Amino acid sequence: MEIEALVSRAALTVKPTDLLRKAAVAMMERGVGSAVVVSDGKPTGIITDRDALRIIARGDDIDKLQVADCIKRTLKPVRGTLDLAE
């Protein structure tokens, strides 16, 4: 099975400069666990609900932190025609 058969093209996107609260609320409203971070029209990373929880658990202020302050992952693009097993 090819990867593109399993993915949605309507991914939630956020900017690196968006406040963490804005990203967390957007994920909650869409019922998703992650958002693609887009800068200059290109995906540059991903933020997950687990990232937001980690920040909250540390006691950091999610109304002052930007998405860029919280992401630790980078994206590894793959071809949609790649087999899932690969």
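1. At 78% relative accessibility, Asp40 counts as exposed. The model is a predicted one, and Asp40 sits in its loop between β2 and β3. Asp40 is not a glycine, yet its phi is positive, at about 55 degrees. Most residues other than glycine have a negative phi. A reader checking the backbone may want to start with this residue.

2. Strand β2 covers residues 34-39 and strand β3 covers residues 42-48; the two run antiparallel and are joined by 6 bridges. Ala35, for one, has Ile47 in β3 as its bridge partner.

3. Helix α2 spans residues 49-58. Which residues of α2 are buried? They are Asp51, Ala52 and Ile55. Seen down the axis of α2, these buried residues fall within an arc of 100 degrees, so they line one face of the helix. An α-helix has 3.6 residues a turn, so residues three or four places apart point the same way. The buried residues of α2 pack against α1 (20-30) and β3. On the face turned away from the buried side are the exposed residues Arg50 and Ala57.

4. Asp51 deserves a separate remark. Its relative accessibility is 1%, and because buried means under 20%, Asp51 counts as buried. What does the side chain of Asp51 reach? The side chain of Asp51 comes to 2.8 Å from the backbone nitrogen of Thr48.

5. Just after α2, Gly59 has a positive phi of about 90 degrees. Arg58 is exposed, with a relative accessible area of 51%, whereas Asp60 is partly exposed at 31%.

6. How many salt bridges does the structure hold? There are 4. Another of them joins Arg21 to Asp63, with the closest N and O atoms 2.4 Å apart. This pair links distant parts of the chain, since Arg21 is in helix α1 and Asp63 in the segment after α2, 42 residues apart. Both partners are partly exposed: Arg21 at 39% relative accessibility, and Asp63 with a relative accessible area of 38%.

7. A further salt bridge is formed by Asp18 and Lys22, whose closest N and O atoms are 3.6 Å apart. Side chains of opposite charge can pair when their charged atoms come close.

8. The start of the chain can be described through two residues. Met1 lies in the segment before β1 and counts as exposed, at 60% relative accessibility. Leaving aside neighbours within four places in sequence, Met1 is in contact with Leu6, Leu82, Asp83 and Leu84. Met1 and Val32 are 31 residues apart in sequence, and their C-alpha atoms are 23 Å apart in space.

9. Val7 is also placed in the segment before β1 (13-14). Val7 is partly exposed, with a relative accessible area of 47%. Between the C-alpha atoms of Val7 and Arg58 there are 32 Å, for a separation of 51 residues along the chain.

Definitions and conventions
Residues numbered from 1 in each chain as written. Predicted model: local features only at pLDDT ≥ 70, side-chain atom pairs only at ≥ 80, totals over all residues. Heavy atoms only, no water. Helix = DSSP H or I, 4+ residues; strand = E, 2+ residues; numbered from the N terminus. Buried < 20%, exposed > 50% of the residue type's maximum accessible area, 1.4 Å probe, protein only. Polar contact = N/O pair within 3.5 Å; in protein donor to acceptor, adjacent residues only side chain to side chain. Pairing = 2+ DSSP bridges. Arc of directions from axis to C-beta. Contact = heavy atoms within 4.5 Å. Salt bridge = Lys/Arg side-chain N within 4 Å of Asp/Glu carboxyl O.
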